[in-house]
Amino acid sequence: MPRCRAISVPLALLVLVGLGACGSLPKNTNPAPSGETYPTMPTFTVPPPSVAYTSPFATELSTLPATEQTIPTLSAPAAQTTTKPPAPPTTARVITTKPSTKPTTTKPPVPATTTAPPVIAGYRIVWAQKEILRLSNIERDKAGLLPLTMGSDSLQSAANTRAREASVRWGHTRPNGLGFVSVFTQYFVLYQGAGENLSKVHEQPEQIVAAWMASPTHKANILNPKYEEVCMGFYRAENGAAYWAQLFLQPI
């Protein structure tokens with residue numbers, strides 16, 4: 001911090017300095033009255049200009065530390081910059097949208113020859129299908145063959161179609177003129193071998209299987225060791241006749 005100190009300067013020194021600035025006092029040019037004489041004015045000698053005056057403030061300031069000789073310059077504080085923290089990494093939240101409707105399954109086209117659905121009760125059809133399968137496996141077991149298993153839904157649809165078509169055109173040729181094996185392609189059923197048994201006379205499972213076993217061609221299908229799957233289709237015609245179609249499948 002700068003210091004302030006009062007200095008007393010002698011009055012005589014101030015007078016001398018004033019005289020040095022103004023020069024010498026002028027002499028009195030008026031003659032003295034007669035009989036009187038003026039005293040001679042003393043002559044003051046002014047120090048030559050070359051004599052430098054050293055102020056006691058210079059000595060006083062020279063003794064101060066270097067840090068106190070200079071008045072510090074006040075400056076406005078530098079603006080502080082605030083660094084914002086980096087934004088957290090965004091995590092793209094995955095949003096799963098449930099389908100508004102159930103996935104659509106392309107159903108196989110219904111042949112044009114389809115007329116009326118079966119009038120037999122559903123539980124009766126299922127029971128009859130399982131019973132025909134059970135009786136057929138009994139005959140296979142007698143021949144030392146492995147039992148057949150119920151095929152897929154696609155194979156079941158193909159059997160139902162063949163039962164309906166049999167009411168329109170009896171035999172192993174379809175109403176469109178193609179062989180019965182084309183129904184496998186229609187329902188996207190892959191096969192290596194296939195067989196078909198039809199019935200339109202009997203309604204009871206025991207009567208149906210007994211009639212098939214009495215026919216060499218139908219019996220050959222039931223006892224074919226290559227077949228592994230089977231499905232039974234049923235259709236009740238408008239005249240009341242019951243049509244059954246038994247499809248055998250040797251998978252690829």
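E203 sits in the loop between strand 2 and helix 7 while R236 belongs to strand 3, so the pair ties together parts that are 33 residues apart in sequence. E203 is partly exposed, at 38% relative accessible area, whereas R236 is buried, at 13%; buried means under 20%, exposed over 50%, and partly exposed in between, with a 1.4 Å probe and protein chains only.

A word on the model: it is predicted, so local features need pLDDT of at least 70 and side-chain atom pairs count only at pLDDT 80 or more, while totals for chains, interfaces and linings use all residues. Residues are numbered from 1 along each chain as its sequence is written, and side-chain values use heavy atoms, leaving out hydrogens and water.

Now to the sheet. It is open, with 4 strands in the order 1-3-4-2 and mixed pairing. Helices (H or I, at least four residues) and strands (E, at least two) are DSSP runs numbered from the N terminus, and two strands pair if DSSP finds at least two bridges between them. Strand 1 (149-150) and strand 2 (193-199) stand at the edges with a single partner strand each, so one side of each has no neighbour in the sheet. Strand 2 runs antiparallel to strand 4 (residues 242-250), joined by 7 bridges, and G195 stands opposite F248 in strand 4. Helix 5 (residues 153-168) packs on the sheet, touching strands 2, 3 and 4, where contact means heavy atoms within 4.5 Å.

Helix 5 also brings us back to charges. Within this helix, E165 and R162 are 3 residues apart, about one helical turn, and they form a salt bridge. R174 forms a salt bridge with E165 too, the closest N and O atoms being 2.8 Å apart. R162, E165, R174 and E196 are linked in a network of salt bridges. E165 is buried, at 3%, and R162 is buried, at 0%.

Finally, the nonpolar side. A nonpolar core is a set of buried Ala, Val, Leu, Ile, Met, Phe, Trp, Tyr and Cys residues joined through side-chain atoms within 4.5 Å. The largest has 18 residues, of which I132, L148, V230, M232, W244 and F248 touch the most other members. Helix 4 (122-142) is among the elements giving two or more residues to this core, and helix 4 gives the most, with 5.

Definitions and conventions: Axes fitted to C-alpha atoms, helices over the stretch in contact; angles between N-to-C directions. Salt bridge = Lys/Arg side-chain N within 4 Å of Asp/Glu carboxyl O.
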